[in-house]
Amino acid sequence: MKGSLCLLCTVQCPVDFIMDVSVYRIIQETVKEKIADFDKTVELAIAKFPQEQVSTLRSIIAQEYQKFIKANFKNSHSSESRRKLYRKFVSELQEGGDPGIIIRLAVSSKTSPSLAARIIIEEYLKEQSSDVQCTEAKSDTALRLRVSQLLKNHALIQDCDLAYEILLAKVKDHSYGPLAEAIKHSIGEEHEQKIKDSLNSLGIPFSDEHVLRSRGYDKTPDVKLEVPVAVNGKIINWIESKALFGDFESHEGYLRDQFWSYWNRFGSGLVIYWFGYIKQLDNNTEAGILLTDSFPTDIVVYNPDKVPSAVEISAFPAKK
């Protein structure tokens, strides 16, 4: 499973996650109103679209949030903006501001809490000229490594107030930072395992991406079936798991970078967007790439016992 993921609930409901593009556009425009604050955007979307699954809404919001952060990255991470952010943080901390200073500054600065935390740690290290490890870090590379180390393990930060603020920022960030990445990876692994468990229960042999890479393949689907199956009358040779909502941008990228490569190597296959997708994206079925939002229940498995033997075939009356 590749690609960026959002932090979603892991309980799947037996509902239809496929969304018409008109509904998607309305949701997309609505969530942009408060997109700088992820949690408030989720609350807004749930209130306005109660008919939609929360996991689907969260995935759409995560995608729009990441677009927002990337669009503002150059401005929010300029040298002047970085220094301004750090000065605001130190000032509010000295004035006894409520916990969550970095989180609030991230919203106003149009960046994410973990990215803001990274900036503050870096500026803090630059300021601490007496910090031995910072003094030794004469190169930008060494400084970045030290920042990453402290962001990953805030317990190494000597300033307890700063350490606590870094912790809160990591916990609050739904898209960036070590905690978010760990959770996204876990969700991705969980949904890949669902596919493997379902295939094992059906007795369908397969090779996963680790086995395929050991055979020398560079681009590999999550699962390559050893014997093809049929789904909705279409032959399936491989299955790819995507624990996110399939929108235009992500799907086009996956087609270009992954799906067509799998198709060239292994033939037709199936993509599962576990948190739904835009209905109009499912336009490559005849070409050999099927989309679904759950593991299919109408799988036709090859059964050699039902294939007539040579003796049985020879017993058929010859056509005149």
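Select Arg83, Lys84, Arg87 and Lys88 to start: these residues gather in a patch of positive charge on the surface. The model is a predicted one. Arg83 sits in helix α4, which covers residues 79-94. With a relative accessible area of 44%, Arg83 is partly exposed.

**Salt bridges**

Next, look for contacts between opposite charges.

Select Asp20 and Lys279. Their side chains meet in a salt bridge, with 3.5 Å from N to O. Asp20 is in the loop between β1 (18-19) and α1 (21-31), while Lys279 is in the loop between β6 (277-278) and β7 (289-292), so this pair ties together parts that are 259 residues apart in sequence. How exposed are these two residues? Asp20 is partly exposed, at a relative accessible area of 26%. Lys279 also counts as partly exposed, at 45% relative accessibility.

Move on to Lys67 and Glu249, whose side chains meet in a salt bridge at 3.8 Å, N to O. Lys67 belongs to helix α3 (residues 54-76) and Glu249 to helix α12 (residues 248-266), so the pair ties together parts that are 182 residues apart in sequence. Lys67 is partly exposed, with a relative accessible area of 27%, whereas Glu249 counts as exposed at 53% relative accessibility.

Select Glu122 and Lys126, which both lie in helix α6 (residues 113-127), four residues apart, or about one turn of the helix. Their side chains meet in a salt bridge of 3.4 Å, N to O. Is Glu122 buried or exposed? At 15% relative accessibility, Glu122 counts as buried, because the cut-off for buried is under 20% relative accessible area. Lys126, at 46% relative accessibility, counts as partly exposed.

Salt bridges that share partners join Glu64, Lys67, Asp247 and Glu249 into one network.

**Start of helix α12**

Stay with helix α12 and select Phe248, which lies in this helix. Phe248 is partly exposed, with a relative accessible area of 24%. Phe248 and Val21 are 227 residues apart in sequence, and their C-alpha atoms are 9.6 Å apart in space.

**Strands around β3**

Turn to strand β3, residues 223-231, and show its pairing partners. Which strand pairs with β3 over three bridges? Strand β2 (residues 206-208) does, in the antiparallel sense. To see a point of contact, select Ser207: its bridge partner in β3 is Lys224.

Next, select strand β4, residues 234-242. Five bridges join β3 to β4, and the two strands run antiparallel. Val231 marks one place to look, as this residue stands opposite Lys234 in β4.

β3 and β8 pair in the antiparallel sense over two bridges. Here Val231 stands opposite Ile299 in β8. In a regular strand, side chains alternate between the two faces of the sheet.

**Positive phi angles**

The turn from β3 to β4 is the next stop. Select Asn232, found in the loop between these two strands. The hairpin of β3 and β4 has two residues between the strands, and Asn232 takes a positive phi near 55 degrees there. Most residues other than glycine have a negative phi. Asn232 is exposed, with a relative accessible area of 59%.

Where is Lys110? Lys110 lies in the loop between α5 (101-108) and α6. The phi of Lys110 is near 60 degrees, a positive value in a residue other than glycine. Lys110 is partly exposed, with a relative accessible area of 41%.

Methods. Residues are numbered from 1 along each chain as its sequence is written. This is a predicted model: local features need pLDDT of at least 70, side-chain atom pairs count only at pLDDT 80 or more; totals for chains, interfaces and linings use all residues. Side-chain values use heavy atoms; hydrogens and water are left out. Patches are made of residues with over 30% relative accessible area and no salt bridge: like charges are joined within 9 Å, nonpolar side chains (Val, Leu, Ile, Met, Phe, Trp, Tyr) within 5 Å. Accessible areas come from the Shrake-Rupley method with a 1.4 Å probe; for residues, only the protein chains shown count as cover. A salt bridge is a side-chain nitrogen of Lys or Arg within 4 Å of a carboxyl oxygen of Asp or Glu. Lys and Arg count as positive and Asp and Glu as negative; His and the chain ends are not counted. The place of a charge is taken as NZ of Lys, CZ of Arg, CG of Asp or CD of Glu. Buried means under 20% relative accessible area, exposed over 50%, partly exposed in between (1.4 Å probe, protein chains only). Two strands pair if DSSP finds at least two bridges between them.
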